[in-house]
Every structure is written in C-alpha cells, then in structure tokens.
Amino acid sequence: MESKKSIFQTKILESEEKKATNSLSLFPREEYEQVISRLNELKQYNPTKTKLDYRLLQKYEILEVTIEGTTVQKLQKKDTQLRFICAEDVFDVLVAIHRIMGLGGRTSMCKATKEKYANISRDQITLFFQYCEECQLKKSSVRKCVVVKPIVSKSMNSRALVDLIDMQSQPDGKYRFIFNYQDHSTKMICLRALQTKTAEEVAIHLVDIFCDKGALIFFNLTMGENFQIR
Ligand SMILES: [Zn+2]
C-alpha cells in the first residue's frame, strides 16, 4: 500500500504544479504548515502584509481540531466548512471514505469529498482508483469467474453435432466425404459416405438417421466447421 500511496502522491503534486501558481490548492505537508504559521503570525503581530499574505487571508482560515486530547490546527476554506488537506493525506482520506462507502464508485466518492474537503479534485479520485488495491483485486477476481458454460444435453437425440471429413485427396470411387453425425449426449456416432457436400445430400442422410434413431421435437443441430450448405 505504501509504495502505491507514494506514487499517487507524486502524481497529484506533479499535476498540481502544471496549474497556474495562484490557483494551487494542494501542497506538501511542509508548505501546509508554513501557511498555518504565517496565518498565526498575521493574526498575532499584525505585521506589514505582502501580496501573498493578502491572498492567504482571502483563501484560508484556521480550524482547530481536537484529536485524542490534542488540539491541531488545520486549514479551512474561508467562510465555509470545507477543509484543506496536504498532499500526504489525500490517499489515506480517500481510502477511508472509499471503505466507509463499501468501495464506493467515483461519482459517490466525488460527492462525499465535496461535502467535506476543499481541495480533493475529481482527477485525484480518478487517479486513486488506479492505485486502490482492493478495486484491482475485485476486478481481477471478476475476470477469473468468466468461464464458458458447457452445454449439457440430458437425453439422446436432443442435440447432435454434424461434421464432414474431407476425403477429396483419397476418394473412394464417387464418394469424397465422410459424413460424421454424433449424438451430443451419448456420443454415439453414425457415419455415411457422401459424394458431395450439398445441403440436399446431407439432408437425405439426416432424415435417414432421424427415422432410424428418432429425434426430439426441439432438435438442436450443431454444424461443424467443415459443414457448408450450398
Ligand atoms: Zn477501491
């Protein structure tokens, strides 16, 4: 989990750096702490403010959170209840929300994060899904379950396979094909010699076999690769 988390972290910071500097809203913990301490300084000593200070004051306010008896300062979007988190925390926050929602999908994750956080974007959530181990496992186990369901025939004469064996290189007089009829359920085989592989000739032999062995009303005939109706 740790390595996926660090790759994720690098990627979200990289994409943040590509944006215009004044719209940055995600940064590493160190910078996050610097913003908090600068805001504290501004509040306590009221020094001469720089352009950046005005921007900070416009964007952020400090929120005090008590976690297990200790009070911690966090950044909150001014005049809202939306919290800013640092890049190191995005992954863990997303994992926690994702689990609470029973491995919730992207839309529900976006909705949930928007209600509480100011700087988790849709792109970050999309990226998160690539690194969520549980989702990857779920996907691969679903893929493993896809198996071809075998056809089961319960009774004789309900399904059969017909194929023609091409004997044109070694014909026996006028006969150039072996007609191979196999019952799907019992595997019983009927063989006939054919002069051509036309539908008419094949049909004559099928009728012969049906009359001989009997056929169910819902007859399922599977034609082999070599079988052509002309
Ligand atoms: Zn997941």
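This is a predicted model: local features need pLDDT of at least 70, side-chain atom pairs count only at pLDDT 80 or more; totals for chains, interfaces and linings use all residues.
The protein contains eight helices and seven strands. Of its 230 residues, 13% are buried. When contacts between residues at least 6 apart in sequence are taken, 51% of them join residues at least 24 apart.

Three of the strands form an open sheet with the order 1-2-3 and antiparallel pairing. Strand 1 (60-67) and strand 3 (83-84) are at the edges; each has a single partner strand, so one side of each has no neighbour in the sheet. In general, the strands of a sheet pair through backbone hydrogen bonds, in either a parallel or an antiparallel sense. Here, two bridges join strand 2 (residues 70-77) to strand 3 in the antiparallel sense. Leu75 lies opposite Phe84 of strand 3.

Phe84 also belongs to the largest nonpolar core, which has 18 residues. Phe84 is among the members that touch the most others, together with Phe8, Ile12, Val90, Leu94, Ile125 and Phe128. Two or more residues of this core come from each of helix 1 (2-17), helix 4 (87-100) and helix 6 (122-131). The largest contribution, four residues, is that of helix 4. Beyond its neighbours within four places in sequence, Phe128 is in contact with Phe8 and Leu94. In soluble globular proteins, nonpolar side chains tend to be buried together.

Helix 2 gives another picture. After helix 2 comes Asn46, which has a positive phi, near 45°.

Glu30 is a residue of helix 2 (residues 29-45). Is Glu30 buried or exposed? Glu30 counts as exposed because it has 9 C-beta neighbours inside 10 Å, and a residue with 12 or fewer falls in that class. Although Glu30 and Ala87 are separated by 57 residues in sequence, their C-alpha atoms are 10.0 Å apart in space.

Note on methods: Residues are numbered from 1 along each chain as its sequence is written. A residue is buried if 20 or more other C-beta atoms lie within 10 Å of its own, exposed if 12 or fewer, and partly exposed in between; C-beta atoms are placed from the backbone. Two residues are in contact if their C-beta atoms, placed from the backbone, lie within 7 Å. Two strands pair if DSSP finds at least two bridges between them. A nonpolar core is a set of buried Ala, Val, Leu, Ile, Met, Phe, Trp, Tyr and Cys residues joined through C-beta atoms within 7 Å.
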